[in-house]
Each structure stands twice: as structure tokens, then as C-alpha cells.
Amino acid sequence: MQKYSIIVTTCDKFSDLWQNNLFLFDKFWPNHPQIILISDKPNGLGDSLPCSFLHFPGEYTERLRATLTTVRDDYVFLTLDDYLPSNEIDQKRMNRLLDYMSEHNISYLRLFNRTKTKGWIDRGEGIHLLPLTKETYEVNLYPSFWKTSELKKMLQYNENPWKFEVRLTRRAKEKNLFCGWVSNKKLFPFQDTIRKGKYLRKAYKFLKTNNLYISNRPIRSIKETISLNFRTFVGRHVPQKLKNFLKKLTHKQYYSDFANFDD
């Protein structure tokens, strides 16, 4: 079995999520590898948690770059602070997938079914191919296995997570990375928790049902939830040409506009 570390990226503004995140990792993945929690500021809470807590100044990519210099494993499992494990994690299949990555020189394996693509790397293992041609977010910041050396190649100076994420697919294609995805269902089920600083309504119910810590964060309103669901539907089902036309009508700048160039 290949050795790897779990990296949970965060920042001080999301420290109210840390205890829930680690508690759920322990509950649903009892024999998980070491967890490295990386933030932007020192925090006494982080120092008291049962993980390796690191903090570095600068934007997302600078913190991740500094963290990766401390990692000796060939692979990392990269995830975000508000992706809370929500059910039993299939540890055996996680390990099998990582060994498959090593055997077949796969650089990136996303554990989430968005964005879906056609084509397979291995149908029997449930590993889909990412052709790196379909759309911007084929490679993204959903929970994923990365070859450590390849993740380092993706990092540019001082990018926030939104600019970094939108450029990942292009950079992976430029570096000729071999990338795939698998469904997270029954493998790494998780609850997406925060949007624009507020609890998602479904996530708030999850926290309450499981007697987890709930901070004084606001909850997204029903109106905000309907609006988010509508935008998500449009993003997934409307043809790209029509989406580009609608974007021009709004006269707004979106992070996807940064996909094809670096700062």
C-alpha cells in the first residue's frame, strides 16, 4: 500500500469547522493517515487538535506550497475544511485506488462525480477518464488524491483558491497529466457545509442531527438556496455558448474568466 497524508486546507475564518472535521474523520475513517491542517494564522485551537497544525502567511497556493515541502509521502489526499465526512469511508478501496494510481502513473484522481465525463481508465475499478478538454473544472478542489510531485507543479505564486482551481484543468493539460475521477458514493461520502460564509441549509440540518458544533454563522435563506440551486442547474445543463452569452449580459467578471491565463 502506498503511503500518503491527508491535507485539509483552511483559514482562520473557518476555525469553527475544524473540530467537526477532525471528529468526523476519526468517526468514519478510524485508521486514517496523518492529517495536516493548514491555515493562514496561528490559532490556539489548532495547536490543541489531534492533527499536525501548520500555518503560513500568504494566499492559498503559498500555504499549500510551504506545506508540501514538509510532506515526505509520494501522494496526498487533498480536501477542504467544509467537506465534512458524513458516513463510513471505504478504507480498503481508498488504498486500492491509490495503489492503482501508482501502478498506472495517474497524477490526479478526484473522488466526486462532478464534472462527469465520458470514457474510462478502468471500468471494473470504476475509474473514469478526465480528458481535460470538456470544461474548466474537470480538475478541481473537491476531495482528491494527488501525486505530490505533480501537485507541486500546479502551484503558482500567491493565488487564492478560486483562481487556483479555475486554472487547474488547463495546467494539468499543459503538463500532460493523466487524470481521472471516481464516484464518492460509498467511498468518501461528505457533506458540503458552507457557501459564501453561511451554512447551507442541508448542512445545518446534518450538524444538528448529529449533535455537532454549530457556531453563530448565519444560515442561507430559502431564497438564497433556490438561487444557488438554479445557478447550479444552469451551470451543469446549459450549453457553454449560451452560458457565455448570459455572462456577457450581466457585465460581471467571474473566476472562470481567469482560466486561460495566469496573473
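A: Rings of Phe, Tyr and Trp (its six-membered ring) pair if their centres lie within 6.5 Å; planes under 30 degrees apart count as stacked, over 60 as edge-to-face and the rest as tilted. Bear in mind this is a predicted model: local features need pLDDT of at least 70, side-chain atom pairs count only at pLDDT 80 or more, and totals for chains, interfaces and linings use all residues. Residues are numbered from 1 along each chain as its sequence is written, and side-chain values use heavy atoms, with hydrogens and water left out.

Q: OK, how many aromatic pairs turn up in the whole structure?
A: Searching all of it gives 18 aromatic pairs. Take Trp 18 and Phe 53: their ring centres are 5.4 Å apart with planes at 50°, so that pair is tilted.

Q: And where do Trp 18 and Phe 53 lie?
A: Trp 18 is in helix 1 (residues 18-28) and Phe 53 is in strand 3, so the pair ties together parts 35 residues apart in sequence. Helices (H or I, at least four residues) and strands (E, at least two) are DSSP runs, numbered from the N terminus.

Q: Is Trp 18 buried or exposed?
A: Buried, with a relative accessible area of 1%. Phe 53 is buried too, at 11%. The cut-offs: buried means under 20% relative accessible area, exposed over 50%, partly exposed in between (1.4 Å probe, protein chains only).

Q: What about Trp 29 and Phe 77, how are their rings set?
A: The centres are 5.9 Å apart and the planes at 80°, so they're edge-to-face. Trp 29 is in the loop between helix 1 and strand 2, while Phe 77 is in strand 4, 48 residues apart. Both are buried, and both belong to one aromatic cluster that includes Tyr 4, Phe 25 and Phe 112.

Q: Switching topic: where's Arg 217?
A: In the loop between helix 7 (201-209) and helix 8 (222-237). Arg 217 counts as buried at 14% relative accessibility.

Q: Which ring does its charged end sit over?
A: The charged end of Arg 217 sits over the ring of Phe 14, 4.6 Å from the centre. That term needs NZ of Lys or CZ of Arg within 6 Å of the ring centre and within 35 degrees of the ring normal.

Q: Last one: why is helix 3 called largely enclosed?
A: Because eight of the nine residues of helix 3 (residues 60-68) are buried. Among them are Tyr 60, Arg 63 and Leu 68.
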